[in-house]
Amino acid sequence: MSIQQMRKRYAMDGLDEKDVARDPMVQFEKWFEAANQPDLPDWFEINAMTLSTADESGRVSSRLVLLKGVERERFQFFTNYDSLKARQMSHNARVSLNFYWPHLERQVRVEGVVEKTDRSQSERYFHTRPRESQLGAHVSRQSSAVANRHELEQQLEQLQSHYAGQEVPCPENWGGYEVTPNQIEFWQGRPGRLHDRICYLRNDRSDDVTGWQIVRLSP
């Protein structure tokens with residue numbers, strides 16, 4: 001089968017304005033819980049999301065990161081502060097997130113502004129990670145060139161010896177980010193590519209109790 005012939009018919013569900021929550025964060029939690037099914041394969045991470053960032057010249061890059069919390073109406077993730085994405089976010093705080101749950105034929109697209117979490121929050125999360133991931137955060141010079149795999153493994157062995165029997169400290173150049181959304185779109189696949197798209201737009205009007213406006217977008 002050629003790439004042009006690859007095609008799937010979406011027909012699992014629909015999405016109507018009258019059925020969604022007034023608050024998009026409540027709606028996200030409902031969809032996230034629905035996506036978290038017990039019989040999913042081990043390789044499938046429902047908290048995986050595409051993070052798109054852009055530098056000051058408008059050059060865009062995307063990669064998958066893991067959602068690690070939804071707190072105070074913000075989406076939270078953690079990474080190396082010296083990475084390409086971190087450098088881009090320091091110049092341009094506007095980012096986009098995209099979740100895709102193919103087993104439900106659903107996507108959630110988020111646009112918003114990112115900022116670093118406070119240091120104590122980064123340290124608390126860091127110490128919940130597996131020890132090998134903690135050590136790996138010290139080894140990684142994310143997005144920079146490395147001579148070979150052996151060099152990384154040597155550094156890891158040295159750190160394992162150095163911190164044997166000790167707590168691994170959170171690196172200064174590692175921590176969290178929070179995305180405050182100003183737009184969240186819920187996408188449900190439908191037959192004939194007439195997909196349902198319900199979009200929440202931030203609305204600061206004093207007469208709007210929720211602070212969000214709900215609109216249907218054309219597929």
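Student: Which residue in β7 stands opposite Thr79?
Tutor: Gly175 stands opposite Thr79. Keep in mind that this is a predicted model.

Student: OK. And how do β4 and β7 pair, parallel or antiparallel?
Tutor: Antiparallel, over six bridges. Strand β4 covers residues 74–80.

Student: What about β6 and β7, how many bridges there?
Tutor: 11 bridges join β6 to β7, and the two strands run antiparallel. Within β7, Glu178 is the residue opposite Glu115.

Student: Two glutamates facing each other. Which salt-bridge network are Glu115 and Glu178 linked in?
Tutor: The network takes in Glu71, Arg72, Arg74, Glu115 and Glu178. Side chains of opposite charge can pair when their charged atoms come close.

Student: How many of the 15 residues in β7 are buried?
Tutor: 13 of them, so β7 is mostly covered.

Student: Let's do charges. What's the salt bridge count?
Tutor: The count comes to 16 salt bridges.

Student: Which residue does Arg109 form a salt bridge with?
Tutor: Glu185, with the closest N and O atoms 2.8 Å apart. That pair links distant parts of the chain. Arg109 is in strand β6, residues 106–116, and Glu185 is in strand β7, residues 174–188. They are 76 residues apart.

Student: Glu185, buried or exposed?
Tutor: Buried, because its relative accessibility is 4% and the cut-off for buried is under 20%. Arg109 comes out as partly exposed, at 25% relative accessible area.

Student: And how is the pair Asp196 and Arg216 placed in the chain?
Tutor: First the contact: Asp196 forms a salt bridge with Arg216, and the closest N and O atoms are 2.8 Å apart. The pair links distant parts of the chain, 20 residues apart. Asp196 sits in strand β8, residues 196–202, while Arg216 sits in strand β9, residues 212–217.

Student: Why does Asp196 count as buried?
Tutor: Because its relative accessibility is 7%. Arg216 is partly exposed at 35% relative accessible area.

Student: Switch to helices. Where do Arg119 and Glu123 lie?
Tutor: Both lie in helix α3, residues 119–126. They are four residues apart, about one turn of the helix. Arg119 forms a salt bridge with Glu123, the closest N and O atoms being 3.6 Å apart.

Student: How open are those two?
Tutor: Arg119 counts as partly exposed at 26% relative accessibility. Glu123 is partly exposed as well, at 34% relative accessible area.

Student: Cysteines next. How many disulfides?
Tutor: Zero disulfides in this structure. Cys170 is buried at 9% relative accessibility. Cys199 is buried too, with a relative accessible area of 1%.

Student: Last topic, the surface. Which residues make the nonpolar patch of about 430 Å²?
Tutor: Met1, Ile3 and Met6 make that surface patch.

Student: Ile3, buried or exposed? And where in the chain is it?
Tutor: Exposed, because Ile3 has a relative accessible area of 71% and the cut-off for exposed is over 50%. Ile3 lies in the segment before α1, and that helix covers 24–35.

Note on methods. Residues are numbered from 1 along each chain as its sequence is written. This is a predicted model: local features need pLDDT of at least 70, side-chain atom pairs count only at pLDDT 80 or more; totals for chains, interfaces and linings use all residues. Side-chain values use heavy atoms; hydrogens and water are left out. A disulfide is a pair of cysteine sulfur atoms within 2.5 Å. Buried means under 20% relative accessible area, exposed over 50%, partly exposed in between (1.4 Å probe, protein chains only). Patches are made of residues with over 30% relative accessible area and no salt bridge: like charges are joined within 9 Å, nonpolar side chains (Val, Leu, Ile, Met, Phe, Trp, Tyr) within 5 Å. Accessible areas come from the Shrake-Rupley method with a 1.4 Å probe; for residues, only the protein chains shown count as cover. A salt bridge is a side-chain nitrogen of Lys or Arg within 4 Å of a carboxyl oxygen of Asp or Glu. Two strands pair if DSSP finds at least two bridges between them.
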